[in-house]
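Please read the following note alongside the coordinates.

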Amino acid sequence: DEELLALAAGSELTQPEVLEAQARRLLETPRARAMVVAFHSQWLDLDRLEHTSKDPVLFPEFDEARRASMRAETERFVEHHVFDGDGTLGALLTSSTTFVDAELAPLYGTSATGSGLSLVELDPSQRAGLFTQASFLAGHAHPKIGSPVLRGVTLLESLLCHEPDPPPPGVDTSVTMGDGPNGDAKTTREVYEQHVSDSACQGCHVLIDPLGMPFESFDAVGRHRTPENGPPNDSTSPITD
């Protein structure tokens, strides 16, 4: 706006106290909410939900309405915690409060009031912040099963600012589990553990997989799941620095 342009023209924005005052002023304007939400949408790559597909037999509820609700939840969550809450990264990463509508409530095992998004408290032993929301979990999963790799790579890049190398030429990156999540009686963890035992893969996967394995309590649409193929879900993981 004119005030900001005038300060920039006079080089006053190089003064830290002026810059901070202007940033705080602009954050009080309505446009700030839209811009902050847009930033987080890009950071979290929410657009990928539009191109995410799930097995219609296993997940018949995953449709356009469900995708839209997942995105709306995350955007409203960000806006609420940044502008109406304490505005900390800690809240974005750990809060167990979120917003659900009639589409999302069953997935989270809760209920929604009214026709839009309503604020709810989720089980803190199951959900904590942005990366346990359905938008992230469903958007970083395969059509039938979750993906420790897709989820781990995103955390490695988005939170730790480390971009792993691409897979070596000729390496088969497809995932085979049979006809469904229980197809060949293996857990997702057992299928992916071959990465760290394969010399061609372990260089990157010793960093990627430990970040993705803690999400093994969530299925391909982000639902907190019961034990997979018999044994309890093992979501523990050592982190290599």
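Which residues have the most contacts inside the largest nonpolar core?

1. This is a predicted model, in which local features need pLDDT of at least 70 and side-chain atom pairs count only at pLDDT 80 or more, while totals for chains, interfaces and linings use all residues. Residues are numbered from 1 along each chain as its sequence is written, and side-chain values use heavy atoms, with hydrogens and water left out.

2. In the largest nonpolar core, which has 21 residues, those with the most contacts are Val78, Leu130, Phe131, Phe136, Leu155 and Phe215. A nonpolar core is here a set of buried Ala, Val, Leu, Ile, Met, Phe, Trp, Tyr and Cys residues joined through side-chain atoms within 4.5 Å, where buried means under 20% relative accessible area, exposed over 50%, and partly exposed in between (1.4 Å probe, protein chains only). At least two residues of this core come from each of helix 4 (64–84), helix 7 (134–139), helix 8 (148–158) and helix 11 (202–212), and helix 8 gives the most, with four residues. Helices (H or I, at least four residues) and strands (E, at least two) are DSSP runs, numbered from the N terminus.

3. Another core, of 16 residues, lies apart from that one and includes Phe59, Val100, Val120 and Leu122.

4. Threonine 98, placed in strand 1 (residues 97–100), is buried because its relative accessible area is 2%. Its side chain is joined to that of glutamate 73 by a polar contact of 2.6 Å; such a contact is a pair of N or O atoms within 3.5 Å, and within protein one must be able to donate a hydrogen and the other to accept it, residues adjacent in sequence counting only if both atoms are side-chain atoms.

5. The structure holds 14 salt bridges, each defined as a side-chain nitrogen of Lys or Arg within 4 Å of a carboxyl oxygen of Asp or Glu. One of them joins arginine 71 to aspartate 47, with the closest N and O atoms 2.7 Å apart. Because arginine 71 lies in helix 4 and aspartate 47 in the loop between helix 3 (30–43) and helix 4, this pair ties together parts that are 24 residues apart in sequence. A network of salt bridges links Asp47, Glu50, Arg71 and Glu75.

6. Glutamate 103 and arginine 66 also meet through their side chains in a salt bridge (3.4 Å, N to O). Glutamate 103 counts as partly exposed at 27% relative accessibility, whereas arginine 66, at 7%, counts as buried.
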